[in-house]
Amino acid sequence: MQNNSRNTSLPLRLLAPVLAGFFVIGFCDMVAPVSAHIAVECTVPWQRTAVVFLPSMVFLWFLLLATPVAAAMRRVGRKRVAMAGYGLTFAGLAIPFLAGRGCAVGWYFVGFGLLGIGNTVLQVAVNPMLACLAPPERMSGYLTVGQIFRNTSLLLVAPLVTLATTWFGSWNLLLPLYAVLTLVAAAWMQLTRIPDSYADLVGELPQRAADGLSASSDAAAPSGFSASDRSASEHPAPVVRPASSAASSDAFDPSVRSVSAAACFRLLRLPLVRIGTLGVALFIMADVANGFLSARLIPDPSSLLTSTGYYACRIVGTLVGARLLQRMPERRYLRLNLAAALLLTAALLVVRDIGAIYACMGLLGFTFAGLFPAFYAVATKGAGREADGAAGLLVMAISAGALSGPACGLLIGLAGDAHVGMFFAGACLVGMWLLTRRLPRTCESATGALPSDNTETA
């Protein structure tokens, strides 16, 4: 009973503002569904054509800004980076709303561009922020919980747009609602002290015990990491720490040289960082492809499959995955889910019955639920003390999703059948499967320090 209290009571108090950040991250995914409404408002033909590029304004910034933001984060701190992300998100939501309904499409490009930048900055900060609250053996489970909140935000986009349009005659009332929620989440995080590392979190527990938050410092320390081990955070042993578990004494010291963008890319020389980054890129491409194709596999574009049903199944799968990732290694979890996803993708190439398509797409969303946090955890464990740099690489990998729409559209155009687009998603799944074959049975056994400039990791 003591152990449960140790692992849940304190993190739950700190988790809430971080998880609110994941909910705000989901706001940028409204751009795709509202683009159709914006196109209707445009009276100039070229503006209607330009609207199709609005979703690309979100993915673009992941490619351009993820590693520079991660490079600066060690010196300025995760919370300051997160606050900047919230501010940019708020501005991106406010500008098109203040410009008014029917405004020039340029205002949407400016606003959604800022929204994409804010989303990039926020993702770079909150993923390692959440990972540092988790014991090493439970990191994947914690990251999966973050995806539950993001998927919940995605699930609500289509219903909220529909309700705003039906009840108030304007979809853009969603913008001030999201802006207010962004401010609430920012204030919540600003008022909460988030530890810089898991070692700091463990070190604070004895003091919090006096306030009734812990029975003793020994109870607060996780298994295998006793109170006497805290001094090791300043002189780390070869054992790999969780995300951002560098010593608190120098974690965000302004005198410490910030990690350069080149150093972030050198992390790709570490096998697990390379596998995790490529896995995230392939996952995003497959996931965006599924979203692109779901509305095209059946004739009714307003069906449950357009987004709501897919993400509802994702939430259920995420809840299940959060438990499974606490009981099995990432390697086994990934291979089981990818095998199931490949079978479902193959089925969607041939089935034409609407009910069967509903079932396959829902189950596909279920299998996709835990893939991102599992690959993220693999890379984070592989990076060790350089987890902030790895966070930049992983967020940058999200930009790969920009390839899915054109690739699926090209396949559909050549074959004249939307089901053929599933070949692209299937190819991404095969790539992820091959990556898992290179994972050791326990990821920790292959981790280590960043190799020197003239040392190549096999």
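Predicted model: local features only at pLDDT ≥ 70, side-chain atom pairs only at ≥ 80, totals over all residues.
**Helices α4 and α5**

Start by selecting residues 56-76, helix α4, together with residues 78-99, helix α5. The axes of these two helices lie 7 Å apart, and the packing angle is about 125°. Now show the side chains where they touch: on α4 pick Val69, Met73 and Val76, and on α5 pick Arg78, Arg80 and Val81. Sorted by class, this contact has four nonpolar residues and two charged ones, with no polar residue.

**Helices α16 and α17**

Next, select residues 371-383 for helix α16 and residues 387-397 for helix α17. Their axes come within 8 Å and cross at roughly 145°. The crossing of α16 past α17 is right-handed. To see the contact, display Tyr376, Ala379, Thr380 and Ala383 in α16, which meet Ala387, Ala390, Ala391 and Leu394 in α17. Here the classes come to seven nonpolar residues, one polar and no charged.

**The salt bridges**

How many salt bridges does the structure hold? There are three, and each can be selected in turn.

Begin with Arg314 and Asp287, whose closest N and O atoms are 2.7 Å apart. Arg314 belongs to helix α13 (residues 308-324) and Asp287 to helix α12 (residues 271-294), so the bridge links distant parts of the chain, 27 residues apart. Are these two residues buried or exposed? Arg314 counts as buried because its relative accessibility is 2%, and Asp287 is buried as well, with a relative accessible area of 8%.

Stay with helix α16 for the next bridge and select Lys381 with Glu330. The closest N and O atoms of this pair are 2.9 Å apart. Glu330 is in helix α14 (residues 330-350) and Lys381 in α16, so the bridge ties together parts 51 residues apart in sequence. Lys381 is buried, at 6% relative accessible area, and Glu330 counts as buried at 7% relative accessibility.

Finish at Arg352 and Asp417, a salt bridge with its closest N and O atoms 2.9 Å apart. Arg352 sits in the loop between α14 and α15 (354-368), while Asp417 sits in the loop between α18 (404-415) and α19 (422-436), so parts that are 65 residues apart in sequence are tied together. Arg352 is partly exposed, with a relative accessible area of 45%. Asp417 is also partly exposed, at 23%.

Definitions and conventions: Residues numbered from 1 in each chain as written. Heavy atoms only, no water. Axes fitted to C-alpha atoms, helices over the stretch in contact; angles between N-to-C directions. Helix = DSSP H or I, 4+ residues; strand = E, 2+ residues; numbered from the N terminus. Left-handed = near helix turned anticlockwise from the far one by under 90°. Contact = heavy atoms within 4.5 Å. Nonpolar A, V, L, I, M, F, W, Y, C, P; charged D, E, K, R; others polar. Salt bridge = Lys/Arg side-chain N within 4 Å of Asp/Glu carboxyl O. Buried < 20%, exposed > 50% of the residue type's maximum accessible area, 1.4 Å probe, protein only.
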